[in-house]
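Hello,

Here is the structure I promised to pass on to you. Have a look at it first, and then read my notes below.

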Amino acid sequence: MSVFRRYWKAALLAVFAAAPLAPQAQDTVRSLDEVEVSTQRAPATMRTAVPTQVMDIEKIEAQGALQLSDAIKQMAGVTLKDYGGVGGLKTVSARGLGTQFSTLTIDGVAVDNSQNGQVDLGRYLLGNAAFVSLSQGQQQDELLSARAYAAGNVISLVSSEPRFFLAERTNLKVGMELGSFNMLSPSMLWEQKWSKRLKSSLWVNYLRSDGNYPFTLYYTTDHQGQTSRERRHHSAMRMLTADGSLFYTIARNNTLTAKLHYMRGMHQLPGPVQLYNQEPSAENTREEVALVQCKWRVERDNWKTQLLAKAQQTWDFYEDSAASTATGYLHNEYLQREAYLSGSAVWKATEWLDVNASVDGASNWLNSNLQQRYAVQRSSLLSVVDVRLHDKKFEARAHLLSTLMRDRVDDLDTTPLYRRFSPYASIMYIFGKGTTLRYFYKETYRAPNFSELYFFTMPRDLRPECARQHNIGVTHTAEQWGVTLDAYYNRVTDKIIAIPTQNMFLWSMQNIGKAEILGVDATTDFHFSLFTFHLNYSYQHAVDRSDRNSKSYGHQIAYTPRHSGGATLRWESRWVNLGASAMVVGERYYRMQNSDATRLPAYCDLGLSADHKFDLRWGTMTVQVQVLNLLDTQYEVVRSYPMMGRNYRLKISYEL
């Protein structure tokens, strides 16, 4: 605990030291050109029945966030697993529920990975984002898909919609980001207004990094003994992303949008760092994702409706040229296809009663070059009815979600059938002008993924995991500041645990896991003159309740810190904008059995930034300089995967 306090003091001192005294504000008169009004609005964070955190485009650009993981890790209640470097795998667990209870939506359409249920947040970039939000329990928006209702928590990435001054038809923005260890990221955003009703945007980015950063290898678990200076090898990455969108206004409050997304990447896997064994890894992955999705939305006085459709193909390739097999070479290929359709509607029956309904249907196919059970298909049908009672100061909401899933496997006579009804209820009351009291309860149902059922495992009749979430919280807003405080209790039952059998390639999957999570999330925001300040803190008592006779019973869940938090400070002036950020993570354990030998030390990651916008004759140019991990802290988020020390980034963008 003392180590954690010292880190917090260092973080706060560094944040406040980065901000010089602000000059006195001067009254100025500016003439603004007329601009189209966008319908995009970030979710509410204060007067809402569920805890919601938002990072809009201004914050994204101010903090220099490159990947989706850069934005999410700054939010309360989030545990990010990061395998190091720009190209390392990055997955998130919110409030101790586990990675697979988090759902990522892009422009309202859920991202699905039926193979292993994990979405790598490092594969999604923020160059064309309007905002990123994290909602615990569920989003409070209207016209949600049934998949969004079914999630334990939702990460929402919303793409920016083009906006034009009335006399303009084209927006063009080009950028270049350079960083340590040969990081290079050129990008281009082209927005075009073809007619009064039709607009388009095209965003292209190329990201590369050698990832050969130095690190300190500790010979003891307490990081107090002998060390040596090493360097990461075989950790280069290359990724090309192209994202095109069309925005068509059919009539007033009747819109159609379409998105085409393509990503192709190559990642070298450096492997874990092992003492006295620094042999370079020979593992590589390649992936290719292509998807097209459409959204049709109609709004009238008493009702709204929305239709979503998506088709996606994902190809993954893994190879290990040094594998200890008969041929000395191992390669696995997976091909996933998905067809998805969602319809939702909301009917405003009276001024105080809304009725929502949503139905999702999807088919997922997975083919592999593996010999055992290589072709799998899952058909799913999700439907929900949601009732909302509300007035100016009160809101009560409840829904019932129906889940039906069926698998088909080539060489199995019988395949699993999953069905479940999952309830949700929330209540919110507003006291006075700025205080809100809220509570919600939710059950979340997660069916086993394909890897747990069919690949590298002995087939079992696995039961789906079930999470029960309780949250009670209060928010308060004033003219220049706001604060939120939420306490929660989560219980996960029938947790799927993998147990090796004859060897490490054949596993038995069993429903023996249980976990209880008791936690607190707190955030506060201040806005004073030219200053903005944000602070968040999380406490998680996440313990194993699987087996009373187990040595890990009652121990903290692996990689879940009891204490974590962060702070950001920004000072803006006409000369230069300065920012500082701090992320503090307390002690964790990398195994379910907690001991001194499995403890990971606490760490503090500090960053500084400076940026300025230059008004040129034919546009504007923005220059931003960042110093990340300012104190050159040597730490590991995942055991044996050291993170980068001090590194630098320079970003230059020109907007015409």
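Confidence in the chain is lowest in helix α1 (residues 2-17), with a mean pLDDT of 42, and highest in strand β10 (residues 198-209), at 97. pLDDT is the predictor's confidence in each residue, on a scale from 0 to 100. Helices (H or I, at least four residues) and strands (E, at least two) are DSSP runs, numbered from the N terminus. For the chain, the mean pLDDT is 87, and 88% of the residues reach 70 or more. Over residues 1-35 the pLDDT is below 50, though this stretch has 54 contacts in the model beyond near neighbours in sequence; a contact means heavy atoms within 4.5 Å. Residues 500-506 also stay under 50, with 10 contacts beyond four places in sequence. Where pLDDT is low, the predicted coordinates should not be read in detail.

Residues are numbered from 1 along each chain as its sequence is written, and side-chain values use heavy atoms, leaving out hydrogens and water.

Now for the inside. The largest nonpolar core has 22 residues, and L68, I72, L104, L121, L126, V132 and I155 have the most contacts inside it. Such a core is a set of buried Ala, Val, Leu, Ile, Met, Phe, Trp, Tyr and Cys residues joined through side-chain atoms within 4.5 Å. Buried means under 20% relative accessible area, exposed over 50%, and partly exposed in between (1.4 Å probe, protein chains only). Among the partners of L126 beyond four places in sequence are I60, L68, V132 and L157.

Next, follow the strands. β8 (residues 170-179) and β9 (residues 183-193) run antiparallel and are joined by 10 bridges; two strands pair if DSSP finds at least two bridges between them. L178 stands opposite L184 in β9. The β8-β9 hairpin has three residues between its strands, and F181 there takes a positive phi near 60°. β9 then runs antiparallel to β10, with eight bridges joining them, and M188 has V204 in β10 as its bridge partner.

Enjoy exploring!

Notes: Predicted model: local features only at pLDDT ≥ 70, side-chain atom pairs only at ≥ 80, totals over all residues.
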